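Subject: Handing over the model

Hello,

Here is the structure we spoke about, with my notes below it. Please look it over before you read on.

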6 protein chains.
Amino acid sequence: MTLRADGRSAAQLRDITITRGWSTQAEGSALIEFGNTRVLCTASFTQGVPRWLKGEGTGWVTAEYAMLPRATNTRNSREAVKGKVSGRTHEISRLIGRSLRAVVDTKQLGENTIVLDCDVLQADGGTRTAAITGAYVALAEAIEWARGEKILKVNAKVLTDSVAAISVGIIDGTPMLDLPYEEDVRAETDMNVVVTGSGDFVEVQGTAEGAPFKRDELDALLDLALIGTTELAQIQTETLKKSK
Amino acid sequence: MTLRADGRSAAQLRDITITRGWSTQAEGSALIEFGNTRVLCTASFTQGVPRWLKGEGTGWVTAEYAMLPRATNTRNSREAVKGKVSGRTHEISRLIGRSLRAVVDTKQLGENTIVLDCDVLQADGGTRTAAITGAYVALAEAIEWARGEKILKVNAKVLTDSVAAISVGIIDGTPMLDLPYEEDVRAETDMNVVVTGSGDFVEVQGTAEGAPFKRDELDALLDLALIGTTELAQIQTETLKKSK
Amino acid sequence: MTLRADGRSAAQLRDITITRGWSTQAEGSALIEFGNTRVLCTASFTQGVPRWLKGEGTGWVTAEYAMLPRATNTRNSREAVKGKVSGRTHEISRLIGRSLRAVVDTKQLGENTIVLDCDVLQADGGTRTAAITGAYVALAEAIEWARGEKILKVNAKVLTDSVAAISVGIIDGTPMLDLPYEEDVRAETDMNVVVTGSGDFVEVQGTAEGAPFKRDELDALLDLALIGTTELAQIQTETLKKSK
Amino acid sequence: MTLRADGRSAAQLRDITITRGWSTQAEGSALIEFGNTRVLCTASFTQGVPRWLKGEGTGWVTAEYAMLPRATNTRNSREAVKGKVSGRTHEISRLIGRSLRAVVDTKQLGENTIVLDCDVLQADGGTRTAAITGAYVALAEAIEWARGEKILKVNAKVLTDSVAAISVGIIDGTPMLDLPYEEDVRAETDMNVVVTGSGDFVEVQGTAEGAPFKRDELDALLDLALIGTTELAQIQTETLKKSK
Amino acid sequence: MTLRADGRSAAQLRDITITRGWSTQAEGSALIEFGNTRVLCTASFTQGVPRWLKGEGTGWVTAEYAMLPRATNTRNSREAVKGKVSGRTHEISRLIGRSLRAVVDTKQLGENTIVLDCDVLQADGGTRTAAITGAYVALAEAIEWARGEKILKVNAKVLTDSVAAISVGIIDGTPMLDLPYEEDVRAETDMNVVVTGSGDFVEVQGTAEGAPFKRDELDALLDLALIGTTELAQIQTETLKKSK
Amino acid sequence: MTLRADGRSAAQLRDITITRGWSTQAEGSALIEFGNTRVLCTASFTQGVPRWLKGEGTGWVTAEYAMLPRATNTRNSREAVKGKVSGRTHEISRLIGRSLRAVVDTKQLGENTIVLDCDVLQADGGTRTAAITGAYVALAEAIEWARGEKILKVNAKVLTDSVAAISVGIIDGTPMLDLPYEEDVRAETDMNVVVTGSGDFVEVQGTAEGAPFKRDELDALLDLALIGTTELAQIQTETLKKSK
């Protein structure tokens with residue numbers, strides 16, 4: 001039985017592609033695709049930390065998310081032209097940063113900074129979860145690079161785990177995995193879940209878009225999300241095994 | 001056994017006070033206190049809706065959150081002086097707006113707008129959850145006012161339920177309810193839960209501040225949150241029974 | 001004969017209330033009420049001075065004024081959301097700062113900074129004069145605090161005098177004291193006068209709203225203002241005698 | 001006895017020059033000089049009023065003040081580059097606008113708008129008072145122009161009086177008229193007075209820069225100001241008699 | 001004889017690739033590569049024109065250029081985060097818009113608007129010339145789309161010619177075509193030339209970076225530029241022949 | 001045969017006036033007039049360089065261009081009030097800075113900074129070329145001043161040449177020199193050319209406003225421009241010979 005417009009079953013991810021080393025300029029990079037959603041993630045590694053961290057012996061990892069004006073079906077004004085970053089953009093940037101810091105041992109990173117830029121080239125739902133999942137690959141590449149450059153010690157265990165994220169939602173009463181835009185707008189409840197490679201939670205953000213949701217619906221959505229993030233963790237591992 | 005610095009048990013709320021009708025200017029208002037956290041919530045009722053909603057026959061409810069510069073232990077610069085609203089402020093304003101809209105039937109509201117302003121006069125943890133809980137009271141007052149003014153029909157059921165919010169967190173491995181600032185900074189996991197008077201979820205936002213959290217920890221935190229929101233719903237009901 | 005809507009005579013102040021120590025966070029604070037006008041004044045004491053004053057051996061006192069969006073009868077947009085501070089807000093902040101500096105001996109203050117925040121919680125005319133009058137109390141409290149903390153020497157005479165302010169105006173040809181909003185909008189001439197406890201002038205700002213005013217009208221307004229500030233100075237003194 | 005660095009007596013104005021019709025583009029214009037202070041004032045007359053005045057049958061007069069970056073002895077950053085107008089600039093723009101509106105009968109102006117731009121080309125004290133005095137001439141020229149163009153009726157009495165302004169201050173205990181920069185920074189009390197051609201007050205703004213001032217000092221300053229504005233009113237009248 | 005680091009001769013372009021139809025969201029799109037420089041160009045076609053053009057019967061074509069923060073060798077702050085668009089970005093956006101409008105018959109376009117977004121994904125010199133060349137392809141695609149959708153008449157000749165651009169410069173005294181970043185920083189004179197398919201000039205922007213340049217050097221640079229733009233025009237034509 | 005509205009021949013400049021030493025505040029200044037176009041150019045000389053140049057032993061020259069709101073025939077909003085500098089303003093400021101740096105030996109300038117402010121008091125076409133031509137005079141004055149003050153060595157050859165600029169354009173098929181506003185808007189092709197006293201090019205910026213232009217038209221425009229800049233160079237030399 002085909003449940004969904006694109007032929008997927010409820011617990012099935014869209015086609016996932018991660019192209020590592022997409023950029024010839026950045027220390028780490030990945031172009032990640034969740035179906036038609038395409039996000040370019042770059043990791044910029046610089047020695048030193050922001051002033052408020054100096055002398056603490058720990059590093060800093062942060063992220064910025066943005067969308068090209070015509071990533072979506074109709075054009076949005078550029079935030080640079082409007083002169084300010086929207087609440088949504090801020091919120092997602094902060095989420096990506098927190099998610100990655102959850103798997104970074106900043107003591108092992110030493111006084112170095114890594115900035116992850118996640119730019120959505122094309123948007124079809126799930127851009128923040130694709131961004132987190134791709135940013136992890138760019139981050140791992142940048143750390144590998146810093147080891148190669150002898151900026152980090154060869155045996156420094158900067159990453160304590162991997163991290164990936166997926167969206168889940170309830171549509172017409174049925175919990176579903178990895179929502180494209182057309183499902184996202186119809187979802188009664190929408191949840192983004194960030195999970196480590198070991199299967200523990202980093203973030204759980206569930207929102208009732210229509211009616212409030214019940215405890216058992218919450219449980220069903222979390223089950224589904226873990227199916228998705230387990231698969232994403234495997235794809236990340238395989239991608240990082242390939243040479244850049 | 002006293003677990004906490006302020007003598008509370010793990011599942012106990014701080015002293016909660018709601019003073020309705022605090023403002024002589026606004027259509028609805030409440031000064032809410034969760035211990036030393038004090039938030040002034042006002043509801044501004046205006047006829048008409050933003051341009052993008054005109055002619056749809058539905059109303060609009062939105063919220064803005066802000067903190068006075070010396071609400072906290074050290075002074076913060078004013079966002080107006082810095083010329084922009086921070087990501088944190090945007091994020092909380094959006095959360096409050098979504099939480100209230102979850103219990104509003106915008107068709108019954110008609111083409112009217114209610115803006116909730118939640119200004120933190122003093123901050124000691126839990127400002128966003130106090131804001132949601134107090135804003136509900138101000139909202140209910142404003143709707144009552146509009147009925148008295150015959151702007152809304154006497155039998156229009158604009159509010160489908162009540163809504164309240166509380167923070168929970170894991171401190172030294174123990175799940176605890178309603179964190180003041182000093183507990184909040186120590187929490188390993190921090191969660192804000194928004195719940196209707198009927199006990200269904202509107203928002204669940206859990207974040208691992210240190211180590212990622214397990215499924216059973218998530219469950220324990222949700223149990224605790226429901227204890228808190230049940231009690232808050234009762235206080236809201238009693239407050240709204242009193243004359244303004 | 002009752003001259004005014006609220007039953008006051010021309011030379012009578014509204015009910016004045018000053019609650020000192022309102023904030024548990026700030027070094028000094030006062031909630032001041034001129035009738036329905038309510039302003040929360042906090043004083044933030046920090047060691048050190050802005051860069052341009054370093055090494056001069058003198059301190060710095062400054063002020064910021066703002067109004068909550070629903071302090072007034074209809075809601076105003078937040079200045080933080082508009083991304084800039086209005087001319088009116090700037091002008092009043094500067095006035096409050098100048099007024100307080102007139103009674104501070106910055107040499108005695110040493111290289112310390114005091115920032116006064118005056119946030120109008122509810123507005124019904126005279127917000128700038130209430131702010132100056134309340135800020136003086138918060139300032140005095142903060143200096144008392146710094147003496148208790150041994151940051152200032154016990155015998156340092158930082159305050160050379162007290163300072164208070166009141167509005168006066170000509171309404172239907174009659175000079176009147178302490179105008180609420182409904183009188184303020186009708187006044188032909190409007191004047192704000194800032195006076196020390198000794199009865200000398202710090203600021204005199206008179207504006208013809210309608211017809212230009214005569215020299216004898218100016219004199220009558222100044223006489224009236226001095227009646228008001230003398231009474232305010234007594235209330236300030238009594239408030240500061242009470243324990244916090 | 002020579003009292004002042006530039007050889008003037010206490011009650012003497014600097015050399016005052018008003019060049020009307022300086023601009024070939026604006027409907028009215030005047031380059032005004034108070035000694036080395038030079039302000040270019042232009043009046044832009046446009047038919048129609050801002051939206052909030054439409055249909056009221058009255059006109060609108062407003063002003064904007066600004067200073068070129070190198071008008072002063074050391075260069076200041078441009079406000080356009082900093083992205084915001086300073087509090088001082090706002091305050092002076094508002095003062096100029098209010099001063100001119102005090103002598104305009106907006107009913108007679110009809111639904112027309114006049115914007116006065118006062119740009120300080122060179123600053124040596126008294127820029128705001130020069131701006132008001134020069135802006136009056138530009139305003140009168142623009143009204144004359146509109147009569148010539150038949151936009152205003154020939155007998156419409158738009159201007160009810162003339163208006164001029166001067167600074168006065170107490171220096172080393174002596175009240176003095178029309179302060180250049182070097183006197184202005186030394187003044188204990190500083191006052192700007194705006195007066196109509198008939199000798200009535202439009203604005204009185206007195207500020208204690210050092211010690212608070214006494215009532216008799218205030219009176220002496222007002223006397224001196226009236227000497228200056230009487231002379232300025234004569235110069236304005238003569239200037240406007242000359243053909244453009 | 002190998003003249004250049006990448007083995008090219010002085011009059012040789014880098015490898016040029018144009019992938020049309022890269023976006024599944026935009027009405028027209030092209031990913032263009034000049035060596036390592038990669039620019040994503042999208043064309044957004046909307047019916048209607050800006051307010052100031054309404055009722056004129058003519059269309060509007062405009063462009064916005066931007067660079068991802070890590071397009072370059074070291075990371076630049078985002079303009080959205082800085083809250084303003086740099087002078088360089090403005091300048092290039094205006095250049096792209098003018099260049100495309102030179103080959104558009106806005107009467108034939110009717111009251112429709114096309115916005116070209118040129119986002120530099122990776123930068124290695126020549127980003128503005130690649131943007132113009134790629135934007136032309138996206139523009140042509142969008143016009144084709146509008147014809148297919150019957151928004152434009154089948155025989156409307158909106159494009160009067162094609163347009164392409166290339167950089168030229170003098171390096172160590174030798175004029176060279178299509179400078180990558182490492183040549184660009186060394187160039188004594190730098191010129192961007194925009195040329196139609198017919199070989200006429202749309203823009204000539206030559207700048208002496210070091211010593212001023214002679215008339216014969218200018219001539220040599222223009223000759224070289226025409227070689228480049230002729231080749232680019234052929235590539236554009238071939239690209240547009242392929243199905244999307 | 002009179003070709004032009006103002007009676008000039010095609011190769012004739014408007015009346016050019018340069019008043020050096022216009023400002024009593026700046027280290028260098030010139031009021032330049034090209035017909036009705038009037039630009040006030042000031043040079044601010046300060047010891048020291050921006051942080052990014054410290055310790056390099058070289059100086060810095062930069063420029064800012066702006067227009068008074070009523071310089072033009074109808075009033076424009078102030079950029080300071082709009083809160084941002086337009087693309088056009090940025091572009092011209094950058095052009096002026098580059099043009100002047102082309103004739104400055106920054107090694108000879110030492111670690112000193114010169115900022116050129118070019119404020120258009122009245123605009124009638126050619127404001128950017130007048131600004132460059134006048135700024136050169138202000139720059140030369142400031143360097144002379146610094147020599148007099150012994151900040152620069154007497155024999156330091158900071159200026160390697162003079163620089164001037166002029167606009168040229170094709171109107172009704174005829175190339176013409178120095179376009180006033182009414183010709184500028186009608187020009188099919190518009191070119192600004194910046195040339196040294198020795199006759200070499202610093203900048204060539206040609207734009208097709210209507211139809212693209214041919215190579216021989218470009219040549220004719222360059223010939224005309226050189227006639228103009230040769231004459232301007234002579235006027236600059238004569239102006240600088242006069243005492244300030």
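What follows covers one chain's fold, then two chain interfaces, then the pairs of chains that stay apart. Please keep in mind that this is a predicted model.

Fold, taking chain F

Chain F holds an open sheet of five strands with mixed pairing, in the order β1-β2-β3-β5-β4. Its edge strands are β1 (16-20) and β4 (60-67) of chain F, each of which pairs on one side only. On average, and with direction ignored, neighbouring strands in this sheet are turned by 15 degrees against each other.

Within the sheet, β3 (residues 37-47) and β5 (residues 112-122) of chain F run antiparallel and are joined over ten bridges. One residue pair to look up there is S44(F), whose bridge partner in β5(F) is V115(F).

Two helices lie across strands of chain F. Helix α6 (residues 215-241) of chain F lies across β1 and β2 (28-34) of chain F, and runs at about 30 degrees to β1(F).

Interface of chains C and B

This contact involves 36 residues from chain C and 35 residues from chain B. The two chains bury about 2,800 Å² between them, 47% of it on carbon and sulfur atoms. On the chain C side, Q25(C), R70(C) and R78(C) account for 25% of the area buried against chain B, more than any other three residues.

Charged pairs are found here as well: twelve salt bridges cross the interface of chain C and chain B. One joins the side chains of D117(C) and R78(B), at 2.8 Å from N to O. In another, the side chains of R75(C) and E64(B) meet at 3.2 Å, N to O. That pair runs from the loop between β4 and α1 of chain C, where R75(C) sits, to strand β4 (residues 60-67) of chain B, which holds E64(B).

There are also 26 residue pairs in polar contact across the interface of chains C and B, both residues being at pLDDT 80 or more. On chain C, the elements β3 (37-47), β4 (60-67), α1 (79-82) and β5 (112-122) each supply at least two residues of the side that touches chain B. By class, that side of chain C has 16 nonpolar, ten polar and ten charged residues.

Interface of chains B and A

Here 27 residues of chain B are in contact with 27 residues of chain A. About 2,500 Å² is buried between chain B and chain A, 49% of it on carbon and sulfur atoms. E91(B), F201(B) and R215(B) lose the most area in chain B to chain A, together 24% of what that side buries.

Eight salt bridges are counted between chain B and chain A. One of them links R215(B) to D223(A), with the closest N and O atoms 3.0 Å apart. On the side of chain B that touches chain A, α2 (87-101), β9 (201-208) and α6 (215-241) each supply at least two residues, and β9(B) gives the most, with eight residues.

Strand pairing also crosses between these chains: strand β9 (residues 201-208) of chain A and β9(B) pair in the antiparallel sense over five bridges. In that pairing, G206(A) stands opposite V204(B).

No contact joins chain A and chain D, whose closest C-alpha atoms are 11 Å apart. Chain B and chain F do not touch either, with their nearest C-alpha atoms 11 Å apart. Over all chains, the count comes to 120 salt bridges.

Regards

Notes: Residues numbered from 1 in each chain as written. Chains lettered and ligands numbered in written order. Predicted model: local features only at pLDDT ≥ 70, side-chain atom pairs only at ≥ 80, totals over all residues. Heavy atoms only, no water. Pairing = 2+ DSSP bridges. Helix = DSSP H or I, 4+ residues; strand = E, 2+ residues; numbered from the N terminus. Axes fitted to C-alpha atoms, helices over the stretch in contact; angles between N-to-C directions. Contact = heavy atoms within 4.5 Å. Buried area = accessible area lost by both parts, 1.4 Å probe. Salt bridge = Lys/Arg side-chain N within 4 Å of Asp/Glu carboxyl O. Polar contact = N/O pair within 3.5 Å; in protein donor to acceptor, adjacent residues only side chain to side chain. Nonpolar A, V, L, I, M, F, W, Y, C, P; charged D, E, K, R; others polar.
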